[in-house]
Amino acid sequence: MISPSILWFRLDLRLEDNPALHAAVQRGAPVIPVFIFSPGEEEPWAPGGASRWWLHHSLAALAGELTQVGNRLILRAGPASIELPALARETGANAIFWSRRYEPAIRKRDHLLAETLRQQGIQVQEFNSALLREPDEVRNKSGRNFQVFTPFWKACLSMPDPSPPLPHPRQVKAPPKWPRSITLDDFDLLPKHNWTARIAETWTPGATAAAKRLRQFAQSALASYNTGRDIPADPGTSRLSPHLHFGELSARQVWAAIKEFSMPPTRQNDLFTPTPRANRQAWRESRFLSELGWREFSHHLLFHFPAMDHEPIRPEFKAFRWRKSPDLLQAWQQGRTGYPLVDAGMRELWHTGWMHNRVRMVAASFLVKHLLIHWHDGARWFWDTLVDADLGQNSMGWQWVAGSGADAAPFFRVFNPVLQAKRFDPDGKYIRRWIPELSKLPTPWVFEPSKAPEEILAKAGIELNKSYPQPVVSHIIAREVALEAYARMQQSKSPA
């Protein structure tokens, strides 16, 4: 009998389109799937609270799927560099398959681990399970990495289509004897309080739920995505990000679904004829597909700028003078800034583990530019509270807002949270949903409660600084202070 193979699950918690699983099954030997929980090896970016909740339920779903194909999920806790070789010795496995991860510390650990295993005579195979392209695969004409999104994505689109998704295996051969395994509860992933109750009402982790959400989005919201994506009160976005992060869904599956639903065949005389060539190319330029491109770009940047999670890509921002204010940071975290759109977003985040992309930009800009608090503090809060917390996207997004990243928004572009609310939540539906104390306040005062007449506030049952806070800063003054800080930074880098 061929010695068993170990399939090491990481952020690829699915059976369909899983190249590592496919290779292990194709080898013909019994397969031992394992997930190793080793947060100590992922410091300082071990999974946050919301991610731990998701991981618990995603692993439970994966274990159920493996049972359906005649296998089971082995769980271990501890450093993977210790647990994986020990599992190989325990089972006699001489081949290990895994999907790559791209966080700098994990890449370094994986390289050393692979070398150690190979020296022990164990075959190691690594696969790209998460991305359309490897982060170092896309380069400019000079052979260098990109720092601007548009040429990066054009280069990606000029390449051949990714391979079609691999099928779901019908059976995964089990070993005659199972190694020891701890229980999922031993990971202690779930919080001790009921913080995640509303998250559980909002999300269903697992590959089955991911496929269902992708199908629903492609069928119902994809056609109107260009206009619907910016309206936080409407279900115009895909909400696929946590499924993609945990690998319950692959980028190739999303690519294939968008291609399928963007090119419907034409019925003529009971026969289906191909869509015209122009339409076959137009789908590649869709706005939603470019959002998948931004995800690719974030991994590209993290690969080439491995300090991106804590160092500004634009070095001059090292001289920027940030403000330390625990009180203002807490007001932002709790959705008590006095700016309803910002507060609605922060409360949506706390209750659901997710925030609409348009509101993320406004809320992040408010922390960095209105409050002058370092983007590190915002990135850390998002990391702990987002179910889709991803190191590349989180770091890229915050550096984009702060003006310190690649292809970043200019620092002098300061979002006005009131105007943003009026433009993207014109009826105040989103604000009223997440700030119920403002639900009786009529438009337009719901965008600026502090400017509403006393009689309007009284009628709505609002007493400023009691039921809802006054703005913690003035937009006009905060903008001027931010631009002055930016100017000082610019002067500090100028030659004497």
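## A residue at the surface

Is Ile-476 buried or exposed? Ile-476 counts as exposed, because its relative accessibility is 57% and the cut-off for exposed is over 50%. This is a predicted model, and the values here are computed from it.

Ile-476 is found in helix H21, which covers residues 475–492. Together with Ile-477 and Val-481, Ile-476 makes a nonpolar surface patch. The patch has an area of about 270 Å².

## Aromatic pairs

Now to the rings. A pair of aromatic rings is described by two things: the distance of the centres and the angle of the planes. The count here comes to 30 aromatic pairs.

One of them joins Trp-54 and Phe-246. This pair is stacked, with 6.1 Å from centre to centre and 10° between the planes. Trp-54 and Phe-246 sit in distant parts of the chain, 192 residues apart. Trp-54 belongs to helix H2 (residues 49–68). Phe-246 lies in the loop between helix H9 (241–245) and helix H10 (251–262). Trp-54 counts as buried because its relative accessibility is 0%, and the cut-off for buried is under 20%. Phe-246 has 3% relative accessibility, so Phe-246 counts as buried too.

## An edge-to-face pair

Phe-382 and Trp-398 also form an aromatic pair. This one is edge-to-face: the centres are 5.1 Å apart, and the angle between the planes is 70°. Phe-382 lies in helix H16 (residues 375–385), and Trp-398 lies in helix H17 (residues 391–402). The pair therefore ties together parts that are 16 residues apart in sequence. Both Phe-382 and Trp-398 are buried.

## A cluster of rings

Which residues do ring pairs link into a cluster? The members are Phe-146, Phe-149, Phe-152, Trp-153, Trp-294 and Phe-297.

## Charges over rings

The charged end of Arg-72 sits over the ring of Trp-178, 5.3 Å from the ring's centre. Arg-10 lies over the face of Trp-8. Here the distance to the ring centre is 4.2 Å.

## A buried histidine

Where is His-243? His-243 is in helix H9. Its relative accessible area is 1%, so His-243 counts as buried.

What does the side chain of His-243 make a polar contact with? The partner is the side chain of Glu-248, at 2.6 Å.

Definitions and conventions: Residues are numbered from 1 along each chain as its sequence is written. This is a predicted model: local features need pLDDT of at least 70, side-chain atom pairs count only at pLDDT 80 or more; totals for chains, interfaces and linings use all residues. Side-chain values use heavy atoms; hydrogens and water are left out. Rings of Phe, Tyr and Trp (its six-membered ring) pair if their centres lie within 6.5 Å; planes under 30 degrees apart count as stacked, over 60 as edge-to-face and the rest as tilted. Helices (H or I, at least four residues) and strands (E, at least two) are DSSP runs, numbered from the N terminus. Buried means under 20% relative accessible area, exposed over 50%, partly exposed in between (1.4 Å probe, protein chains only). A charge sits over a ring if NZ of Lys or CZ of Arg is within 6 Å of the ring centre and within 35 degrees of the ring normal. Patches are made of residues with over 30% relative accessible area and no salt bridge: like charges are joined within 9 Å, nonpolar side chains (Val, Leu, Ile, Met, Phe, Trp, Tyr) within 5 Å. Accessible areas come from the Shrake-Rupley method with a 1.4 Å probe; for residues, only the protein chains shown count as cover. A salt bridge is a side-chain nitrogen of Lys or Arg within 4 Å of a carboxyl oxygen of Asp or Glu. A polar contact is a pair of N or O atoms within 3.5 Å; within protein, one must be able to donate a hydrogen and the other to accept it, and residues adjacent in sequence count only if both atoms are side-chain atoms.
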